[in-house]
Amino acid sequence: MRYSGLKILTEGLFGNRGWKPVWREPDPKAEYDVVIIGGGGHGLSTAYYLAKNHGITNVAVLEKGYLGGGNVGRNTTIVRANYFLPGNQEFYSHSLKLWEKLEGELNYNVMHSQRGLINLFHSDGQRDAFARRGNAMINQGDDAILLDREGVRRLLPYLDFDQTRFPIYGGLHHPRGGSARHDAVAWGYARGADQRGIDLIQNCEVTGIDIENGKVRGVRTTRGAIRAKKVAIVVAGRSSQVAAMAGMRLPIESHVLQAFVTEGLKPVIDHVISFGMGHFYISQSDKGGLVFGGDLDFYASYAARGNLPMVEHVMEAGMTLMPMIGKAKVLRSWGGIMDMSPDGSPIIDRTPTEGLYLNCGWNYGGFKAVPASGWCLAHLIATGESHEVARRFRLNRFATGHLLDEEGTGSQHNLH
Ligand SMILES: Cc1cc2nc3c(=O)[nH]c(=O)nc-3n(C[C@H](O)[C@H](O)[C@H](O)COP(=O)(O)OP(=O)(O)OC[C@H]3O[C@@H](n4cnc5c(N)ncnc54)[C@H](O)[C@@H]3O)c2cc1C
């Protein structure tokens, strides 16, 4: 079924009886060419691009819960291409270009909104760092505008420009940055993969990975054993646990990240804003809720909920930046399990086991990466070669010392 404005109109006139389920609910087959473990954004986009770009359709995505129930449906939806280091730059630039045509391609409204992202800076040193970053973005072919204090005031007049503790010196404006509706991205890719014949199997937890003579043979699941020529581990916060099933110890720690949303308000914030001194970022959803978040909870955990000290920290940062936020009522908060890598950059690579692939280390920035991550992992699985924009995302870089330390915080998982 193709979605269109006309379709909505006619369905509305005839009682909405013609809508079909968006994907099938197939039982798992005994064998697939490729099994993808994890039905989050990255697993689903990988399945979609395997079919679309490489014609590989004998594929199953195995999801232990429901599609989109993990981080892809829990994030704060910022989409941007404002990275500084070669290796990250070209990857996120590629991803943003895929975002820009995603809705047309998937025939699905993922509510991608390029409303502009503004990273605030609060000292001369931070201004220099953002000027360098902006130049790197422009050299990569993306967009960046360095704003002075008055430039920020013109766009974001409601910020507190008078406070003396963290004065606003200016901001780096990335007009093509913005947001999207997180779970719609999972649903859109799921629909596209299903339409191309890929089996999306929900409530199917992988409990073991079968390996013989150094080669992957398949997986064991709560719905029986499934043979596979190739298996990809794409489980974000659960990466260490699933990789352990293949005897691997990953350089990944799992940490909680919280997010918050307020009651619906009239349109007030028409950009995505990132506070340079308090690790606080905010945007407004199309429903009107202010969506915001901050730092990790700073302890490793598999609980998809956080703790009160970080709630207090995030609220304080919000109040410091824009005291008007104190009038909004927080409606709900939640947490997600982040797959933190030592250098804050991801891994898209083969593993020492033949036919077993790994996609993880997305930290708190993997939502914007969903299109390019699937594109590049599908390329690796189909061709055996790393895609040119993902060639630095190697698993062995932590052994060889070729870190991609974008934030310059060193090899500390919880500092990235
Ligand atoms: C609060 C919060 C805010 C964030 N904000 C942003 C942001 O603004 N911008 C941005 O770019 N990124 C953001 N992120 C990060 C982003 O959401 C993640 O990096 C990304 O979603 C991770 O990839 P995924 O979508 O594939 O993960 P997930 O959606 O978590 O998918 C992994 C799936 O694997 C499944 N799984 C696990 N174990 C098994 C098993 N044994 N068998 C079968 N299935 C299994 C899980 O159930 C899950 O559905 C944020 C994350 C959080 C939590």
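1. Let's start at the ligand: one of its oxygen atoms sits 2.9 Å from a polar backbone atom of Val72. Keep in mind while you look around that this is a predicted model. Val72 also turns up among the closest residues to the ligand, along with Glu63, Asn71, Thr76 and Lys368.

2. At His42, a backbone N or O atom is 3.1 Å from an oxygen atom of the ligand. At Val206, a polar backbone atom lies 3.0 Å from a nitrogen atom of the ligand. How much of the ligand does the protein bury? On its own the ligand would expose 1000 Å², and 95% of that is buried by the protein.

3. Who makes up the surroundings? In total, 37 residues surround the ligand. Sorted by class, that shell holds 16 nonpolar, 15 polar and six charged residues. Helix 2 (41-54), strand 12 (253-264) and strand 16 (330-340) each put at least two residues into the shell. Strand 12 has the largest share, with three residues.

4. Next, have a look at the second largest pocket, which holds about 610 Å³ of space. It is lined by 26 residues, and those closest to its centre are His182, Ser285, Lys287, Val291 and Arg332. Two or more lining residues come from each of helix 7 (182-195), strand 12, strand 14 (280-284), strand 15 (289-300) and strand 16.

5. Which element gives the largest share of this pocket's lining? That would be strand 12, with four residues; strand 12 also gives the largest share of the shell around the ligand. By class, the lining of the second largest pocket comes to six nonpolar, twelve polar and eight charged residues.

6. Finally, step back to the whole protein. Its secondary structure amounts to eleven helices and 18 strands. Along the principal axes, the C-alpha atoms fill a box of roughly 65 × 65 × 40 Å. The radius of gyration is 21 Å, which agrees with a compact globule, because for 416 residues such a globule would have a value near 22 Å.

Conventions
Residues are numbered from 1 along each chain as its sequence is written. This is a predicted model: local features need pLDDT of at least 70, side-chain atom pairs count only at pLDDT 80 or more; totals for chains, interfaces and linings use all residues. Side-chain values use heavy atoms; hydrogens and water are left out. A residue is near a molecule or strand if one of its heavy atoms lies within 4 Å of it. A polar contact is a pair of N or O atoms within 3.5 Å; within protein, one must be able to donate a hydrogen and the other to accept it, and residues adjacent in sequence count only if both atoms are side-chain atoms. Accessible areas come from the Shrake-Rupley method with a 1.4 Å probe; for residues, only the protein chains shown count as cover. Ala, Val, Leu, Ile, Met, Phe, Trp, Tyr, Cys and Pro count as nonpolar, Asp, Glu, Lys and Arg as charged, and the others, Gly among them, as polar. On a 1 Å grid over the protein atoms alone, a cavity is a set of points where a 1.4 Å probe fits but cannot get out, and a pocket is an open set with protein on both sides within 12 Å along at least five of seven lines; lining residues have an atom within 4 Å of a point. Grid points are joined across faces, edges and corners, and a volume is the space filled by probe spheres set on the points. The radius of gyration is taken over C-alpha atoms; the globule rule is 2.2 Å times the number of residues to the power 0.38.
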